[in-house]
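Take a look at the model below. Start with the sheet, then turn to the helix and the core.

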Amino acid sequence: MSEKLNVLVLERCDPSQNVSRFYVLRVEPSLFGDPTLVREWGRIGQRGRQRIEFHQTEDRAAEALESWLRRKQRRGYRIRGL
C-alpha cells in the first residue's frame, strides 16, 4: 500500500431539518494486506455504522472511494475543512 492520504470526512448539516450527519471514507489494508474501502456513517456525536469492502487492487479501492464521494456529494454532503 502506498503512503498517500486516503481518508475523507464528509458532513451534512441542516438545522432546519434536524440533519447532522457524517460519512467517512478511507482506503486501508486489511489484516492480510488486501486493499479495502472502509465506510463509516451516522449522526454527528453518536456511534455510527461501518462497512468494509474488499478490492483486488488499491486503485480499484480508490475508484470506489471516488464513486462514493460523488454519490454523497449529490446527497448534500460536503468535505469537512481541515
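What follows walks through the fold, element by element.

This is a predicted model, in which local features need pLDDT of at least 70, side-chain atom pairs count only at pLDDT 80 or more, and totals for chains, interfaces and linings use all residues. Residues are numbered from 1 along each chain as its sequence is written, and side-chain values use heavy atoms, with hydrogens and water left out.

Begin with the sheet. Five strands form an open sheet in the order β4-β3-β2-β1-β5, with antiparallel pairing. Strands here are DSSP runs of E with at least two residues, helices are runs of H or I with at least four, and both are numbered from the N terminus. Two strands pair if DSSP finds at least two bridges between them. Strand β1 (residues 7-14) and strand β2 (residues 19-29) run antiparallel and are joined by eight bridges. Leu8 has Leu25 in β2 as its bridge partner.

Now the helix. Helix α1 (residues 58-74) lies across β1, β2, β3 (35-43), β4 and β5, at about 170° to β2. That angle is taken between N-to-C directions, on a scale from 0 to 180 degrees, with axes fitted to C-alpha atoms, for helices over the stretch in contact. Which residues of α1 are buried? They are Glu58, Ala61, Ala64, Leu65, Trp68, Leu69 and Lys72. Seen down the axis of α1, these buried residues fall within an arc of 145°, so they line one face of the helix. The arc is that of the directions from the helix axis to the C-beta atoms. Buried means under 20% relative accessible area, exposed over 50%, and partly exposed in between, with a 1.4 Å probe and protein chains only. The face turned away from the buried side carries the exposed Asp59, Glu63 and Arg74. After α1 comes Gly76, with a positive phi near 105°.

Helix and sheet meet in the core. The buried residues of α1 pack against β1, β2, β3, β4 and β5. The largest nonpolar core has 13 residues, and Leu10, Tyr23, Leu25, Leu37 and Leu65 have the most contacts inside it. Such a core is a set of buried Ala, Val, Leu, Ile, Met, Phe, Trp, Tyr and Cys residues joined through side-chain atoms within 4.5 Å. Its largest share, five residues, comes from α1.

Finally, a loop. Ser30 is found between β2 and β3. Ser30 counts as buried because its relative accessibility is 18%.

How values were computed: Contact = heavy atoms within 4.5 Å.
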